[in-house]
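Here is a first look in questions and answers. Each answer holds a value up against its rule.

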Amino acid sequence: MLADHAKAMQRVCFGAEPSKADLELLGSRERWLVYRDLVRTRLSNVIGVALARTKSAIGDEAFSRAIDEWLATGSPRTRYLRYVPSELAEFAIPIWQRTEAPWVADLAGYEIAAWEVRHAPRNPTPSAEFAFDSKPVLAAGVKVLRLAYPVQNEPTPNTGYAPDPTILCLYRDKNHRTIPRKLNPLAADLLEAWRAADQTVAESVQQVAAAHHAQITPVFIEKLSTLIADSIQRGILLGGHSPPS
Amino acid sequence: MTRDVAGIGLGLRYDLATELLERRPKSVAWLEIHPENYIDRGGRYQEMLELAREDWPVVTHGLSTCLGSVEPFDASYLKELGGFLKDLEVPWHSEHLCLGGADDRFFHDLLPLPFTEEAAQIASQRLTEVRDAIGVPLALENASYYAPQGPDGLAEADFVVEVLEKADAKLLLDVNNVYVNGRNFGFDPKAYMDRIPMERVVQIHVAGHFVRDDGLRIDTHGEPVPDDVYELLDYTLRKTGPVPVLLERDNNVPPLDELLSEVDDLWKIYRNATGADVAR
């Protein structure tokens, strides 16, 4: 039966160890191990590209072990090769939090976020210019990342990273590269509110300022204007959606 | 409006896109893309496709809607794929006659179907289902395989013909795959071609392959096209007439001039074999 055949192929390619019974059902131990190798190599390669610094930090053996365990648990579930590294990261980062140096999980999280920003969908098209009384439109894939270690600084030091809490905005620039930009906590919350796009800019500014016990003074407004102008110039903030008239 | 796809084309791949899109060589008459690499994706891939479409007709070749799986299709994906193909105005779309996943897991590789009546029945039904869902003509592609088939199955060519006829389908004939399979399993590639209903062929693929130390040939798309594959292409084109031919190069991508030299060789074979004088 084709269904039995397909399940045996799946177990041979993804299982921790191909069983003798499956290899016998499929007919050629040697040749099906070729397939196992082809399938696993392709997946490992794309994951290794996305998480290159993490792989280098923890070593090939630990990295391969994480992939083997992930495959044995029932992945990949995505048809898109570019999403495979994200599936692996979702599985492996909690493991690396327990087993590796404390900054490794931050590094892996940063690398995978950068990968996702780079491969994010097309940007939405705003229906209006940016305005305080409209809902903001951000570029696709913009992420705010709160890190305990400054893993965006390259190269990775031989001694690892010392703690230094950092908030980053990751965005895709006009050359399609992922760029990290440092943010203060208030700016990060504003950007996250704008990404949610369920309030006008004015509403989100008032709410975030209140949450941070910040008065909306001329100095605040000057800093806000700088943040908005910089975000527009970088292509983070694309414009707005006018409220229905 | 659908643009004519004729002559020699090239796969639009990330590694060669920058130089290809800058130079826009006239010898490349059309381009092929994998829709999975572009659907719901912005950035460089979006830009590559937009730039490519300024000058070239584009056809699509799927990687993940494999025709041999036993699970139901993801209807939302087929809808998305159909919309993407409609926007691109492709003359046809192609998918592999293989098994790409099982139990909702994707291999991200093309695994072989057993050449049985059951598999032919399933593949032909699925082909019809996909074709109806996406709303454009659908061709299947014969795949390479490395594991020997069971003793009770059909010959590969008979299996392919069975699926084509059951589904009344078009064929993307991969000449390199026929050659690789012939060498790996000891059949005559020309006899295979003689068995194929050439009126169903809408497109041809050629590529290079890797030969392992033990002699097993792997369809890597990472080597230059060998002379034997050129010769088989010539034999095939004399039977099909002037159907478009794509040079596939996905790995170990050389400088563009090396690929264009292969494209020129393909044009010579194409013109000699078919008498067609196609230009972009």
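Predicted model: local features only at pLDDT ≥ 70, side-chain atom pairs only at ≥ 80, totals over all residues.

**Reading the values against their rules**

Q: What makes a space a pocket or a cavity?
A: Both are found on a 1 Å grid over the protein atoms alone. A pocket is an open set of points with protein on both sides within 12 Å along at least five of seven lines. A cavity is a set of points where a 1.4 Å probe fits but cannot get out. Lining residues have an atom within 4 Å of a point.

Q: How much space lies in the largest pocket, and which residues are closest to its centre?
A: The largest pocket holds about 1600 Å³. A volume is the space filled by probe spheres set on the grid points, which are joined across faces, edges and corners. Of the 49 lining residues, R42(A), L81(A), L63(B), D250(B) and N251(B) are closest to the centre. Helix α3(A) gives the largest share of the lining, eight residues. Helices (H or I, at least four residues) and strands (E, at least two) are DSSP runs, numbered from the N terminus.

Q: How many cavities are there of 30 Å³ or more?
A: There are two. Helix α2 (residues 43-55) of chain B gives three residues, the largest share.

Q: Why does L172(B) count as buried?
A: Buried means under 20% relative accessible area, exposed over 50%, and partly exposed in between (1.4 Å probe, protein chains only). L172(B) has 0%, so it is buried. This residue sits in strand β8 (residues 170-174) of chain B.

Q: Why does S124(B) get the label buried?
A: The relative accessible area of S124(B) is 5%, so it is buried. S124(B) lies in helix α4 (residues 117-134) of chain B. Beyond its neighbours within four places in sequence, S124(B) is in contact (heavy atoms within 4.5 Å) with V163(B), K166(B) and A167(B).

Q: What makes R42(A) and D109(B) a salt bridge?
A: A salt bridge is a side-chain nitrogen of Lys or Arg within 4 Å of a carboxyl oxygen of Asp or Glu. Here the N to O distance is 3.7 Å, and the side chains meet in a salt bridge. The pair crosses between chains, from helix α3 of chain A to strand β6 of chain B. R42(A) is at 37% relative accessibility, so it counts as partly exposed. D109(B) is at 14%, so it counts as buried.

Q: Where does the salt bridge of D194(B) and K239(B) lie?
A: The side chains meet at 2.9 Å, N to O. The pair links helix α7 (residues 189-195) and helix α8 (residues 227-240) of chain B, 45 residues apart.

Q: How many salt bridges are there between chain A and chain B?
A: The count is three. One joins R122(A) and E50(B) at 4.0 Å, N to O. Over all chains, the structure holds 32.

Q: How much area do chain A and chain B bury between them?
A: They bury about 3800 Å², 56% of it on carbon and sulfur atoms. Buried area is the accessible area (1.4 Å probe) that two parts lose on being put together, summed over both. L2(A), Y35(A) and R79(A) supply 22% of what chain A buries against chain B, more than any other three residues. In contacts, 40 residues of chain A meet 46 residues of chain B.

Conventions
Residues numbered from 1 in each chain as written. Chains lettered and ligands numbered in written order. Heavy atoms only, no water.
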